Amino acid sequence: MKKWIDIIVNRIFTVSGFTTSAAILLIIGFLFSEAAGLFYNPIIDKGYVLALNQQNTVTELSAKEIKDIFDEEITNWKELGGPDMPVKVFRLEDLDKYYSEEELGPEYEYAGDKIAEQIYRNPGIIAFVPEVLIEHHSNLRVIDGKTIPVKDVLLGDEWFPTATPSPIFGILPLVSGTLWVSFFAILIALPFGMAVSIYLAEVADDRKRRLLKPVIELLNGIPSVVYGFFGLTVIVPFLQNVFNLPVGESGLAGSIVLAIMALPTIITVAEDSMRSCPRAMREASLALGASQWQTIYKVVIPFSASGITSGIVLGIGRAIGETMAVLMVTGNAAVMPSSILEPLRTIPATIAAELGEAPAGGAHYQALFLLGVILFFITLFTNACVEFVSARNKSKK
């Protein structure tokens, strides 16, 4: 009977392991497949085209150039390698400025002919119109509808996913914002976390340790939105007054909030690792004449380096993946940060803020999945670094 119970339990554990592994692989596969779909989308909104006059020799435009044209930052075609003539932007709603309702027809059945007429008359025109309205006019030139280039996404420094006629999905501002906030969060949390963990493990008596450790671990249970409210009402006004900033929402505010959130993880894991150092090693060090502090940084910390590193990385993981608290205090500005005192936006905050508004299956939706892939690789790289450091520490022992 006992033998059969062991066999059944082993089978259950085996099936559970395979099921969990398969589920993880399916999730990763779904994430990557949705993200890859972004690069099959045209740079111009689906169903629309950019039509030009036959005299215009420009054949290709990037998403940024299209945005600059419609924002009137580019006003002459020669800036794009075309003829020397002014750019005239035309949208479908502009038809009402040139034609009456009778001329367009009660059901807008003559709209396509009128659009073509405007394009024929204006050599410098660029018309953003539905493709179905002008598909029968063969004398019009249409900008090549190329797909979104990988380079423009991975190296782009602008994030305008809802821009028309061509959205821009440059992820560098979001990646840099995530790395900036996480780096400064760990820079702030690490010295404080190490100091508290050394105090709890090596200095504090049992009574103080029993009192302080549950309080520190309790901080892990506080919802992130509460940390966000604390940052918004305390840290943001403080930084605004101290640094004389126009707005207090900044990368530094996000870093401080994340540092506070990462502290319990770093302290708990590092303290447990230090306490696992054998008592004999401490006593041997003290017997050889070393002071308590010399024993701590020459014996205890080197012995516990693997566990301390794990605690630091878990803290980094908490900082990189945090969403709500960062969304509330960083200013939520998708721009390339040049200072930690400027507003910025992180990858998790972008996904949380925009996923509900992105049309399912559209380019914006797929771009947010791509951000998830980037976050996955950042976390994977962080974990790989930990494994490398841990392996080196074990080999030295």
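Colleague: What makes the contact between the side chains of Glu117 and Arg121 a salt bridge?

Modeller: In this predicted model, the N to O distance between the side chains of Glu117 and Arg121 is 2.8 Å. The rule asks for a side-chain nitrogen of Lys or Arg within 4 Å of a carboxyl oxygen of Asp or Glu, so the pair qualifies. Both residues lie in helix α5 (residues 111–121), 4 residues apart, which is about one turn of the helix.

Colleague: Why is Arg121 called exposed, and why is Glu117 called partly exposed?

Modeller: Arg121 has a relative accessible area of 57%, and exposed means over 50%, so the label holds. Glu117 has 24%; this value falls between the limits of 20% and 50%, and Glu117 therefore counts as partly exposed.

Colleague: How do you know that Glu271 and Arg209 meet in a salt bridge?

Modeller: Their N to O distance is 4.0 Å, and the cut-off is within 4 Å, so the pair is counted. Glu271 lies in helix α11 (residues 251–275) and Arg209 in helix α9 (residues 206–218), so the bridge ties together parts that are 62 residues apart in sequence. Glu271, at 1% relative accessibility, is buried, and so is Arg209 at 11%, because buried means under 20%.

Colleague: Which residues are linked with Arg209 and Glu271 in a network of salt bridges?

Modeller: The network also includes Asp206, Lys213, Asp272 and Arg275. Within it, the side chains of Asp272 and Lys213 meet at 2.6 Å, N to O. Asp272 lies in helix α11 and Lys213 in helix α9, so this pair ties together parts that are 59 residues apart in sequence.

Colleague: What makes the aromatic pair of Phe70 and Phe128 edge-to-face?

Modeller: The ring centres lie 6.3 Å apart, with 80 degrees between the planes. Phe70 is in helix α2 (residues 63–70) and Phe128 in strand β3 (residues 125–130), 58 residues apart. Both are buried.

Colleague: Which residues form the negative surface patch?

Modeller: The patch is formed by Glu93, Asp96, Glu101, Glu102 and Glu103. Helix α4 (residues 101–104) gives the largest share, 3 residues. Glu103, in helix α4, has 37% relative accessibility; patch residues need over 30%, so Glu103 passes that limit.

Key. Residues numbered from 1 in each chain as written. Predicted model: local features only at pLDDT ≥ 70, side-chain atom pairs only at ≥ 80, totals over all residues. Heavy atoms only, no water. Patch = residues over 30% accessible without salt bridge, like charges linked within 9 Å, V, L, I, M, F, W, Y side chains within 5 Å. Areas by Shrake-Rupley, 256 points an atom, 1.4 Å probe, with all protein chains shown as cover. Lys, Arg positive; Asp, Glu negative; His and termini not counted. Charge placed at Lys NZ, Arg CZ, Asp CG, Glu CD. Helix = DSSP H or I, 4+ residues; strand = E, 2+ residues; numbered from the N terminus. Buried < 20%, exposed > 50% of the residue type's maximum accessible area, 1.4 Å probe, protein only. Phe/Tyr/Trp six-rings, centres within 6.5 Å; stacked < 30°, edge-to-face > 60°.
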